[in-house]
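Colleague: Hi! Could you walk me through this one?

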Amino acid sequence: MPSSSSFELPNWNIQSKTGVPLVHFAEGLTEAGLTKEKVLGFTAFQNWIDTLQKSLQRQVFNTHTFYDDPYFLRWIKIQAIDEFDIKGVKRLFFIKLFAEVTTDKKEFLPGVVFLRGGSVAVLMIVRPTDAPLERYVIMTEQARVAAGSLSFMEIPAGMMDDERNIKSAALREIQEEVGIYPKADELIDMTKLAVEGHEVSETIQSAMYPSPGACDEFISILLWEKDLDRLDIENLKDRLAGDRAAAERITVRLLEYEKLVAVGARDGKTLAAWSLYEYLKRIHPELLLESERP
């Protein structure tokens with residue numbers, strides 16, 4: 001039965017022997033201020049539960065792998081949350097949960113989920129106007145405690161929060177992390193271009209999932225490629241940037257394009273961006289013509 005520390009999932013229309021799934025809160029979360037409204041209002045939770053329900057619904061087709069013994073979502077337990085104070089207002093940023101997904105024959109799927117939502121990353125390539133064959137990649141160097149590093153090298157990236165517009169989120173991150181101000185029409189969504197014509201039956205995002213075994217994060221990887229005066233490029237070197245209110249301390253680095261894999265291979269999104277760029281340049285160069293303009 002629902003209580004102050006549990007609720008039924010609204011708009012759930014999959015029939016099962018156990019009924020509508022309940023969402024339970026771990027001990028102490030209700031006292032910490034977690035409510036049904038906060039959970040349902042969290043964009044990452046909305047996207048995840050909607051996608052999961054639509055995927056489970058597809059099991060009714062006799063061509064589906066699990067048609068003979070379909071899986072059902074039985075319940076969800078929210079185990080932990082992280083909130084941050086943004087301009088005096090507490091906002092939910094992360095949820096750690098367990099989803100019980102089983103068949104009537106007791107087969108189960110791994111259900112540990114870390115919800116954080118979508119992100120954007122931008123491969124930024126600049127070329128001196130006096131030597132267009134030279135290419136440099138704008139990288140950020142910053143502390144990444146989860147990696148145990150105080151000087152992790154990666155391409156500019158950040159969470160989308162509640163934004164729906166991918167390019168707007170990318171422009172915000174570029175401005176905060178690099179300190180330059182591109183135009184939206186100069187950005188090209190490489191992930192979207194790469195998956196066009198390769199649609200899947202499920203409603204997952206047209207983006208890269210770096211860790212789908214336990215995390216919902218999907219990353220849209222964009223390209224910004226520009227010819228700049230050599231002096232403007234030199235002025236980017238070692239620039240200090242980042243949103244200090246968000247505890248970001250970023251140093252901008254310039255990297256020769258040919259060294260990108262050697263330096264950036266430890267960062268999944270950097271490696272994915274390089275792979276997408278090389279793929280599109282070789283297989284579909286016409287798709288990136290917009291980025292070739294001066």
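Colleague: So, how many helices and strands are there in the chain?

Modeller: The chain has seven helices and 14 strands, taken as DSSP runs numbered from the N terminus (helices H or I, at least four residues; strands E, at least two). This is a predicted model, where local features need pLDDT of at least 70, side-chain atom pairs count only at pLDDT 80 or more, and totals for chains, interfaces and linings use all residues. Residues are numbered from 1 along each chain as its sequence is written, and side-chain values use heavy atoms, with hydrogens and water left out.

Colleague: What is the mean pLDDT of the chain?

Modeller: The mean is 92, and 95% of the residues reach 70 or more; pLDDT is the predictor's confidence in each residue, from 0 to 100. Over residues 290-294 the pLDDT is below 50, and that stretch has 13 contacts beyond near neighbours in sequence in the model (a contact is heavy atoms within 4.5 Å).

Colleague: Back to the strands: does S1 run parallel or antiparallel to S2?

Modeller: Antiparallel: three bridges join S1 (residues 6-8) to S2 (residues 22-25). Strands pair if DSSP finds at least two bridges between them.

Colleague: And which residue in S2 is the bridge partner of Ser 6?

Modeller: His 24. S2 is also joined to S3 (residues 71-86), by four bridges, and those two run parallel. There, Leu 22 stands opposite Trp 75 in S3.

Colleague: New topic: what does the C-alpha trace span?

Modeller: About 70 × 50 × 30 Å along its principal axes.
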